[in-house]
Amino acid sequence: MSFKKPKIALVGAGQIGGTMALLAAQKQLGDVLLVDVVEGVPQGKSLDILHGGPIIPTSSQMSGSNDYAALKDSNVIIVTAGLPRKPGMSRDDLLDVNFGIIKTVGEHIKKSAPNAFVIVVTNPLDAMVYAMHRVTGFPTNRVVGMAGVLDSGRFAALVAEELNVSAEDVTALVMGGHGDTMVPLIRYCSVGGIPVTQLLSKEKLDAISKRTANAGGEVVALLKTGSAFYSPALSAIHMAEAYLKDKRSVITAAAMLNGEYGYKGMYAGVPVILGGNGLEKVIEVELDADEKKSFETSMEAVKSLVEWVDKKMAG
Ligand code: TXD
């Protein structure tokens with residue numbers, strides 16, 4: 001018997017793509033390919049990481065290409081190709097230009113790597129992951145979006161900071177679309193198993209929810225020339241690892257709903273089990289009246305994005 005390392009393709013070798021390449025090599029998840037339209041960038045970043053291989057140390061092979069044909073037989077493909085947000089720009093402003101990019105990338109994935117597990121990161125996330133599913137025609141267990149891991153991580157990090165405790169002891173659950181209407185579920189957040197509502201006041205928790213929904217914008221305003229990339233890269237690699245190691249991780253991902261939470265045919269950020277078959281299951285948690293209302297408001301925003309993509313696909 002012979003074994004080959006998994007092939008991890010990162011389409012988009014920008015801030016998130018480059019960071020993911022380093023993380024994937026550090027974690028020895030497999031061989032790493034960077035693909036980008038800008039000549040030299042994927043080659044340069046992969047060469048740079050390759051030079052660090054003996055220091056990490058890692059046995060991951062690194063390569064970079066401007067040719068989508070290099071995607072051939074990839075096991076996992078993480079897509080960040082697109083334009084990032086500039087200050088003052090909403091995620092939805094990006095819709096048109098990034099849709100065109102996802103369409104091109106999706107068509108190549110379909111041709112070159114028909115069995116790949118695809119994680120979409122490009123914004124506006126809920127529309128782009130839906131477009132990727134439509135363009136590739138891949139089953140929904142193999143096309144997911146990254147947002148919930150990041151949004152939940154942001155909420156948990158802010159709770160940990162407020163309580164002055166280790167971030168690794170806080171778990172949080174942020175559902176809904178990846179936009180200003182995301183739904184932090186305060187009562188599902190726990191600190192070392194203790195419900196956070198026993199440790200922080202409602203006012204504090206409401207402020208943390210607000211700051212979480214605006215966290216991406218807060219980073220954009222500080223960076224001025226791009227959007228967050230370290231925590232998004234960590235989040236997407238966390239998902240790839242759950243798949244490659246068949247971890248059956250319980251995380252929040254943008255997943256296609258098929259009746260869960262009362263919606264069908266739309267992606268939404270929901271808790272899921274991620275393992276060797278990709279998205280193994282959508283977990284339905286109980287929502288109270290207020291949470292349900294917030295989730296529905298968030299889904300209204302996603303619905304208009306889905307309709308936009310459907311129109312584009314039809315015409
Ligand atoms: O939670 C989330 N899902 C997100 C999403 C959190 C943060 C950022 N999020 C979005 O990810 C962001 O709004 C962007 O749409 C993507 C990528 O963010 P990144 O910060 O990595 O952007 P960069 O540095 O601009 O990188 C994008 C790269 C860049 O190198 C382009 O040349 C390349 O994408 N690009 C392409 N690559 C391949 N193929 C095509 N067609 C292409 N077009 C652009």
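1. Residue D31 lies in strand β2 (residues 31-35); strands (E, at least two residues) and helices (H or I, at least four residues) are DSSP runs numbered from the N terminus. D31 is buried, with a relative accessible area of 19%, where buried means under 20%, exposed over 50% and partly exposed in between (1.4 Å probe, protein chains only). The side chain of D31 makes a polar contact with the side chain of K5, at 2.9 Å. A polar contact is a pair of N or O atoms within 3.5 Å; within protein, one must be able to donate a hydrogen and the other to accept it, and residues adjacent in sequence count only if both atoms are side-chain atoms.

2. On the basis of the note: this is a predicted model, in which local features need pLDDT of at least 70 and side-chain atom pairs count only at pLDDT 80 or more, while totals for chains, interfaces and linings use all residues. Residues are numbered from 1 along each chain as its sequence is written, and side-chain values use heavy atoms, with hydrogens and water left out.

3. Which residues are closest to the ligand? They are Q15, I16, D36, Y68 and M146, among 29 residues that surround the ligand (a residue counts if one of its heavy atoms lies within 4 Å). By class, this shell has 18 nonpolar, ten polar and one charged residues. At least three shell residues come from each of domain 1 (7-145) and domain 2 (148-314), with bounds from an automatic or database domain assignment.

4. A polar backbone atom of I16 is 2.9 Å from an oxygen atom of the ligand, and one of G82 is 3.3 Å from a ligand oxygen atom. A nitrogen atom of the ligand is 2.8 Å from a polar backbone atom of M146. On its own the ligand has 860 Å² of accessible area, of which the protein covers 89% (Shrake-Rupley method, 1.4 Å probe). The elements giving two or more residues to the shell are α1 (15-26) and α3 (95-112).

5. Strand β13 (residues 264-275) has ten of its twelve residues buried. Strand β12 (residues 249-258) runs antiparallel to β13 and is joined to it by ten bridges; strands pair if DSSP finds at least two bridges between them. V250 has I273 in β13 as its bridge partner. The β12-β13 hairpin has five residues between its strands, and G259 in the turn has a positive phi of about 105°.

6. Strand β14 (residues 278-282) is also antiparallel to β13, with four bridges. L274 has L279 in β14 as its bridge partner. Two residues lie between β13 and β14 in their hairpin.

Notes. Ala, Val, Leu, Ile, Met, Phe, Trp, Tyr, Cys and Pro count as nonpolar, Asp, Glu, Lys and Arg as charged, and the others, Gly among them, as polar.
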